[in-house]
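Dear colleague,

I am passing on the structure below, together with some notes on what turned up when I went through it. Please read them with the model open beside you.

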Amino acid sequence: MTDIAVERDVLLPASVEEVWSHLTDGELVSRWMGGSVVLEATVGGKIRMTASGAPDVWGTVEEVVIGSRLQWSWRTDDGLPALVELELHPEGEGTRLTVRETLLPWQSASASPLWIGRPSAWFRTSMVA
Amino acid sequence: MVGIEFLFTALSDPTRRQLVRVLAQRGPSTATELSGSMPISRQAVAKHLTALSHAGLVTRSRVGRDVRYTFEPGSLSDVVGWVQEVDDAWASRLDRLRSEME
């Protein structure tokens, strides 16, 4: 797989269960995703985000492991398809949420990740290092 | 952003990524010079350079009898644009989520 991806994580002062509901309950998700989200948190379920001033993003839920892992693929009508992977891990009294959004390839290719991290790091490590 | 598709294909091969790296370090080079810096034949280098030039990652120019290849960093702007847009979006989302939970 060639990966062009963005990865971020955050430590949240809440239980895994509480964070999970904020990822899967449409009303709660809509409070932080930056648009109104409809999400069916089941494999093959639909996801759609509508925000004023931005094109709709829509897609399909690819993986659900309750309290641990949620994946969906999505795109805008004329945009690029991407895979979003959310992972939860208990940490201390809180929960670490990791998000990875990967541009989906147009062809399957076997190769090591092209880039993981921030753009500047990518240029440094992969392009000119 | 159509160009990303070609970049994807071109950069899916580890040898081609290595070639881009070498070319970025060396500056404009011929296929023969590049094959001296890599464990592959001049013919293989030339084949990969053709793929990279179709993706806009390298340009070719004739200097006397030599063909020199130059890395074009601007060709990556679509990828960088996507990365920045998506990274910014998740940064804002995770900030809002943390505020939501505090």
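Trp74(A) touches Ile47(A), Val57(A), Trp58(A), Gly59(A), Ala82(A) and Val84(A), leaving aside residues up to four places away in sequence, where two residues are in contact if their C-beta atoms, placed from the backbone, lie within 7 Å. This is a predicted model, in which local features need pLDDT of at least 70 and side-chain atom pairs count only at pLDDT 80 or more, whereas totals for chains, interfaces and linings use all residues. Residues are numbered from 1 along each chain as its sequence is written, while chains are lettered from A and ligands numbered from 1 in the order in which they are written.

Trp74(A) belongs to strand β5 (residues 69–75) of chain A; helices (H or I, at least four residues) and strands (E, at least two) are DSSP runs, numbered from the N terminus. Trp74(A) counts as buried because it has 22 C-beta neighbours inside 10 Å (buried means that 20 or more other C-beta atoms lie within 10 Å of the residue's own, exposed means 12 or fewer, and partly exposed is in between, with C-beta atoms placed from the backbone). The covered face of β5(A) consists of Leu70(A), Trp72(A) and Trp74(A), and its uncovered face of Arg69(A), Gln71(A), Ser73(A) and Arg75(A).

On one side, β5(A) runs antiparallel to strand β4 (residues 54–65) of chain A, to which seven bridges join it; two strands pair if DSSP finds at least two bridges between them. Within this pairing, Gly59(A) stands opposite Trp74(A). The two strands, β4(A) and β5(A), form a hairpin with three residues between them, and Gly67(A) in the turn has a positive phi of about 75 degrees. With strand β6 (residues 82–91) of chain A, β5(A) also pairs in the antiparallel sense, over six bridges, and here Trp72(A) stands opposite Val84(A) in β6(A). This second hairpin, of β5(A) and β6(A), has six residues between its strands.

Val64(A), which lies in β4 of chain A, counts as partly exposed because it has 17 C-beta neighbours inside 10 Å. Its contacts, not counting residues up to four places away in sequence, are Ala41(A), Thr42(A), Val43(A) and Leu70(A).

As for chain A as a whole, it has three helices and seven strands, and its elements run β-α-α-β-β-β-β-β-β-α from the N terminus on. Of its 129 residues, 26% count as buried, and residues 24 or more positions apart account for 37% of the contacts with a separation of 6 or more.

Turning to chain B, three strands form an open sheet there in the order β1-β3-β2, with antiparallel pairing. The edges are taken by β1 (29–30) and β2 (58–63) of chain B, each of which has a single partner strand, so one side of each is left without a neighbour in the sheet. Two bridges link β1(B) to strand β3 (residues 66–71) of chain B in the antiparallel sense, and the bridge partner of Thr30(B) in β3(B) is Arg68(B). Helix α2 (residues 14–26) of chain B packs on the sheet, touching β1, β2 and β3 of chain B, and its direction makes about 100 degrees with that of β3(B), where axes are lines fitted to C-alpha atoms, for helices over the stretch in contact, and angles run from 0 to 180 degrees between N-to-C directions. Helix α4 (residues 42–54) of chain B also packs on the sheet, touching β2 and β3 of chain B, with its direction at about 115 degrees to that of β2(B).

The axes of α2(B) and α4(B) come within 10 Å and cross at roughly 85 degrees, and the two helices are therefore roughly perpendicular to each other (angles under 35 degrees count as roughly parallel, over 145 as roughly antiparallel, 65 to 115 as roughly perpendicular and the rest as oblique). Thr15(B), Arg16(B), Leu19(B) and Val20(B) in α2(B) meet Val45(B), His48(B), Ala51(B) and Leu52(B) in α4(B). Leu52(B) touches, apart from residues up to four places away in sequence, Ala10(B), Arg16(B), Leu19(B), Val20(B), Leu57(B) and Val58(B).
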